[in-house]
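The structure is shown first.

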Amino acid sequence: MGSGTIEVKPNIAALTTLDARTDAAIIVDQLTAAYKTYTASSGNVPERVRIARPPHDTAAPPRILQQISHWKGVLASEKRAESASPPASVAATKS
């Protein structure tokens, strides 16, 4: 059996693509963009997107808004929890 060393270098491209937001924040942004696109197109979406729902689905906007409302609630809960607890560095200095 041989031995040796390996050097692992950081992938700078991967570092610049990190999205540090929570899942809820990302989902709210994506749903908002979807809703804006849907309403701007008067519900006319490309066939490749329409596969999961019938054309002229009038329930889509309310469902999207319902999901936006839900995920905004999750996001607000996360923000409240974050502001209620001090950062780890502050908590460590108080011990």
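This is a predicted model: local features need pLDDT of at least 70, side-chain atom pairs count only at pLDDT 80 or more; totals for chains, interfaces and linings use all residues.

The model contains 2 salt bridges. In one, the side chains of Asp19 and Arg21 meet with an N to O distance of 2.6 Å. In the other, Arg21 pairs with Asp29, where the closest N and O atoms are 2.2 Å apart. In general, side chains of opposite charge can pair when their charged atoms come close.

Asp19 has a relative accessible area of 36% and is partly exposed. Arg21 is likewise partly exposed, at 37% relative accessibility. For Asp29 the relative accessible area is 42%, so this residue counts as partly exposed.

## Packing of α2 against α4

Helix α2 spans residues 23-40 and helix α4 spans residues 60-84; their axes come within 9 Å and cross at roughly 155°. Angles over 145 degrees count as roughly antiparallel, and α2 and α4 are therefore roughly antiparallel to each other. Their crossing is left-handed.

On the α2 side, the contact is made by Ala24, Ala25, Ile27, Val28, Leu31, Thr32, Tyr35 and Tyr38. The residues contributed by α4 include Ala60, Pro61, Ile64, Leu65, Ile68, Trp71, Val74 and Leu75, and also Gln67, Lys72 and Glu78. By class, the contact of α2 with α4 has 15 nonpolar, 2 polar and 2 charged residues.

Notes
Residues are numbered from 1 along each chain as its sequence is written. Side-chain values use heavy atoms; hydrogens and water are left out. A salt bridge is a side-chain nitrogen of Lys or Arg within 4 Å of a carboxyl oxygen of Asp or Glu. Buried means under 20% relative accessible area, exposed over 50%, partly exposed in between (1.4 Å probe, protein chains only). Axes are lines fitted to C-alpha atoms, for helices over the stretch in contact, and angles run from 0 to 180 degrees between N-to-C directions. Helices (H or I, at least four residues) and strands (E, at least two) are DSSP runs, numbered from the N terminus. Angles under 35 degrees count as roughly parallel, over 145 as roughly antiparallel, 65 to 115 as roughly perpendicular and the rest as oblique. A crossing is left-handed if the near helix is turned anticlockwise from the far one by less than a right angle, and right-handed if clockwise. Contact means heavy atoms within 4.5 Å. Ala, Val, Leu, Ile, Met, Phe, Trp, Tyr, Cys and Pro count as nonpolar, Asp, Glu, Lys and Arg as charged, and the others, Gly among them, as polar.
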